[in-house]
Amino acid sequence: MRSLAFLLLVMVGCTGPDDLCTRHYEPFPDLIGGRARTDANAALLDAMARYNAGDHGSAIPVLEAELRDTPNEEQIRMLLASALLGAGKPYDAELQLDFIETSARNDYDEAAAWYTVLCWLCSGQHDRALEGARAISARPRHTYKRQADALVKDLMR
C-alpha cells in the first residue's frame, strides 16, 4: 500500500507545476566553451563542458570564482544564473539576474527578463511568471517571445 501511495505521489509530481519548470527551462547558451584553452581559463572551460552536459551544479563553484575575479562580467553572471536555475536554486539565480538588470550595460536585458520569469516559475510563483511571460509576449520583438508565448499557454491551462 505504501509503495502505491509513493507511485501516485511521483506520478502527480511529474504532471504538476514543477514539470512546467523542467519543460520551459533551457540553459543559457554557452558563449565561452569555444575559446582557445589556456592555463588561465582551463578550469572555466572544464566547468562549461560540465554545464553543457547538464551538470549545472558542478559548474557553479567555478563560475562563482570567475565572477569574483571579474565582478562586472555579465556573461559569467548570466551563465551562473542559468546554472543555479538548472541546479534547482531559483532564488539564488534570481539574485544574479537582479545584478544584470541593474547593470549599466544592456547586453543581457532580454535574457535576464526571461530567466527571471523562469525563476518565478520554478519557485512556484506562477502568477508572477504568468505576468512576466505576458509582458514579454506583448512586446513586438523580444529574443524570448516564442518561449514566453508557450509558457503563457501552459500556465493558462
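A residue is called buried when its relative accessible area is under 20%, exposed when that area is over 50%, and partly exposed in between (1.4 Å probe, protein chains only). The model you are looking at is predicted, so local features need pLDDT of at least 70 and side-chain atom pairs count only at pLDDT 80 or more, while totals for chains, interfaces and linings use all residues. Residues are numbered from 1 along each chain as its sequence is written, and side-chain values use heavy atoms, with hydrogens and water left out.

Let's start with helix α5, residues 74-86. Helices here are DSSP runs of H or I with at least four residues, numbered from the N terminus. The expected span of a helix is 1.5 Å times one less than its number of residues.

Where does α5 sit? Because 12 of its 13 residues are buried, α5 is largely enclosed by the rest of the structure. Among those buried residues are Ile76, Met78, Leu79 and Leu80, along with Glu74 and Arg77. The buried residues of α5 pack against α3 (42-52), α4 (56-69), α6 (90-101) and α7 (109-122), where contact means heavy atoms within 4.5 Å. After α5 comes Gly88, with a positive phi near 85°.

Now follow α6 to Glu101, which lies in that helix. Glu101 is partly exposed, with a relative accessible area of 40%. Leaving aside neighbours within four places in sequence, Glu101 touches Ala112, Ala113 and Thr116. The C-alpha atoms of Glu101 and Ala112 are separated by 6.7 Å, and the two residues are 11 apart along the chain.

Next, look at how α7 meets helix α8 (residues 126-138): they pack at an angle of about 155°, with their axes 7 Å apart. Axes are lines fitted to C-alpha atoms, for helices over the stretch in contact, and angles run from 0 to 180 degrees between N-to-C directions. This angle makes α7 roughly antiparallel to α8, a label for angles over 145 degrees. The contact includes Trp114, Val117 and Trp120 of α7 and Ala129, Gly132 and Ile136 of α8.

Finally, visit His24 in helix α2 (residues 17-24). Is His24 buried or exposed? At 10% relative accessibility, His24 counts as buried. Beyond its neighbours within four places in sequence, His24 is in contact with Trp114, Leu118, Leu121, Gln147, Ala150, Leu151 and Asp154.

Note on methods: Helices (H or I, at least four residues) and strands (E, at least two) are DSSP runs, numbered from the N terminus. Angles under 35 degrees count as roughly parallel, over 145 as roughly antiparallel, 65 to 115 as roughly perpendicular and the rest as oblique.
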